[in-house]
Amino acid sequence: MLRYLYASQLDDYPLLADTMFRDRADQFRTRLGWDVTVNAEGHERDEYDDLDPLYVIWECPDGRHGGSMRFLPTAGPVMVNDVFGHLTGGAPIRDPSIWECTRFCLARHAKSNVAAALMLGGGEIMRGFGIRHFVGVFDARMVRIYRAIGASPKVLGSEGEGRDRISVGLWSFSPQARDRVARRAGISPDLSRIWFHSAVRQHRAALAHPSRSESVALRRHLA
């Protein structure tokens, strides 16, 4: 199933969080050879994980991570502005209706529908939070994946050639695209909506308990 969790909530799901950060290390450092930081616990983390981002996570039946993405509003620090601004002509993307999506990760054991399920979750965030677009940086290998899912972005800028090509993309999510991605994921739109709204209800309920560490983040994103 899809879970929608802020970083401040991950302590409530220790196995899911542990396997997510381990799978990120496996994908980005071991398989792709990226220059990323992996800590003593075997977790791949960066400074954006410390900003209480929202994660969309595919949870396997055994409670482990199957795939995930990370979301942050472009009104604050985001990778596309801080690291890859030259790909968009140096003009920062700062708009409350545009969020950044990063760290698209699939576990080695992930089933073929997980990538589409994550994209479907991204679409629920768009609908639920009134977001017009996602922006993100992707490499050449993702072009085929996005095309297969039926969720290819508009390319804003690129550098490099072949397998080393890196691009900044802008995603929208029309009702037609949502239905196409849902079919690819094998998840009914109704079930997808239930998962999202269940998470939102839990988040809103937590607002009634100010002592919880997640309250500030929830007020920022859901008020």
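Predicted model: local features only at pLDDT ≥ 70, side-chain atom pairs only at ≥ 80, totals over all residues.

**Entry 1: I131**

I began with I131 and found it in the loop between α3 (114–129) and β5 (133–139). Helices here (H or I, at least four residues) and strands (E, at least two) are DSSP runs, numbered from the N terminus. Residues are numbered from 1 along each chain as its sequence is written, and side-chain values use heavy atoms, with hydrogens and water left out.

Is I131 buried or exposed? I read a relative accessible area of 7%, so I131 is buried (buried means under 20% relative accessible area, exposed over 50%, partly exposed in between, with a 1.4 Å probe and protein chains only).

Next I asked which residues I131 touches, not counting residues up to four places away in sequence. I noted S97, I98, W99, I125 and M126 (contact means heavy atoms within 4.5 Å).

**Entry 2: R70 and D49**

I turned to salt bridges, and the structure holds 17 of them (a side-chain nitrogen of Lys or Arg within 4 Å of a carboxyl oxygen of Asp or Glu). One joins the side chains of R70 and D49, at 3.1 Å from N to O. R70 sits in strand β3 (residues 65–73) and D49 in the loop between α1 (14–31) and β2 (54–59), so this pair ties together parts 21 residues apart in sequence. I found both R70 and D49 buried. They also belong to a network of salt bridges that links R24, E44, D46, D49, R70 and R103.

**Entry 3: E124 and R178**

Here the closest N and O atoms of the salt bridge between E124 and R178 are 2.8 Å apart. Because E124 is in helix α3 and R178 in helix α5 (residues 175–185), the pair ties together parts that are 54 residues apart in sequence. I noted E124 as buried at 1% relative accessibility, and R178 as buried at 5%.

**Entry 4: R193 and D190**

My last pair was R193 and D190, a salt bridge with its closest N and O atoms 3.1 Å apart. Both residues lie in helix α6 (residues 189–206), 3 residues apart, about one turn of the helix. R193 counts as partly exposed at 26% relative accessibility, while D190 is exposed, with a relative accessible area of 52%.
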